Amino acid sequence: MGQEAYEDYRRAIHDPGTVHAMCEDYRAGLTVDRAADDADHAAGRRHAIDSGHHVAEEAPEQLAESLLAFLRP
């Protein structure tokens, strides 16, 4: 993660709005996100990026390319 990112995280967890958003993200991951992931998987749609949990830090170029391809009309 790196020291700078860790310090950002430590600052963020003291903001109630940020903590609420983090909890909502985890909640969605267990409900609506899971249903969407299952539907994508069943339809053969995959957007795999070779990385660990911290995609933006571990594979920024691949992530940017995938996002741009997704957002282009």
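What we have is a predicted model, in which local features need pLDDT of at least 70 and side-chain atom pairs count only at pLDDT 80 or more, while totals for chains, interfaces and linings use all residues. Residues are numbered from 1 along each chain as its sequence is written, and side-chain values use heavy atoms, with hydrogens and water left out.

Let me begin with the pockets. On a 1 Å grid over the protein atoms alone, a pocket is an open set of points where a 1.4 Å probe fits, with protein on both sides within 12 Å along at least five of seven lines, and lining residues have an atom within 4 Å of a point. The largest pocket holds about 480 Å³ of space, and among its 14 lining residues Arg46, His47, Ala48, Ile49 and Ser66 lie nearest the centre. Helix H5, residues 60-71, gives the most to this lining, with five residues (a helix being a DSSP run of H or I, at least four residues, numbered from the N terminus).

The second largest pocket holds about 320 Å³, and its lining consists of Met1, Ala5, Tyr9, Met22, Asp25, Tyr26, His53, His54 and Glu57.

Now to the salt bridges, meaning a side-chain nitrogen of Lys or Arg within 4 Å of a carboxyl oxygen of Asp or Glu; the structure holds four of them. In helix H1, aspartate 8 and arginine 11 lie three residues apart, about one turn of the helix, and their side chains meet at 2.3 Å, N to O. Arginine 11 counts as exposed because its relative accessible area is 54%, whereas aspartate 8, at 39%, is partly exposed; here buried means under 20%, exposed over 50%, and partly exposed in between, with a 1.4 Å probe and protein chains only. In helix H2, glutamate 24 and arginine 27 are likewise three residues apart, and their salt bridge is 3.1 Å, N to O. Another joins arginine 45 to aspartate 40, with the closest N and O atoms 2.8 Å apart; arginine 45 is partly exposed at 45%, and so is aspartate 40 at 26%.

Methods
Points joined across faces, edges and corners; volume = space filled by probe spheres on them. Helix = DSSP H or I, 4+ residues; strand = E, 2+ residues; numbered from the N terminus.
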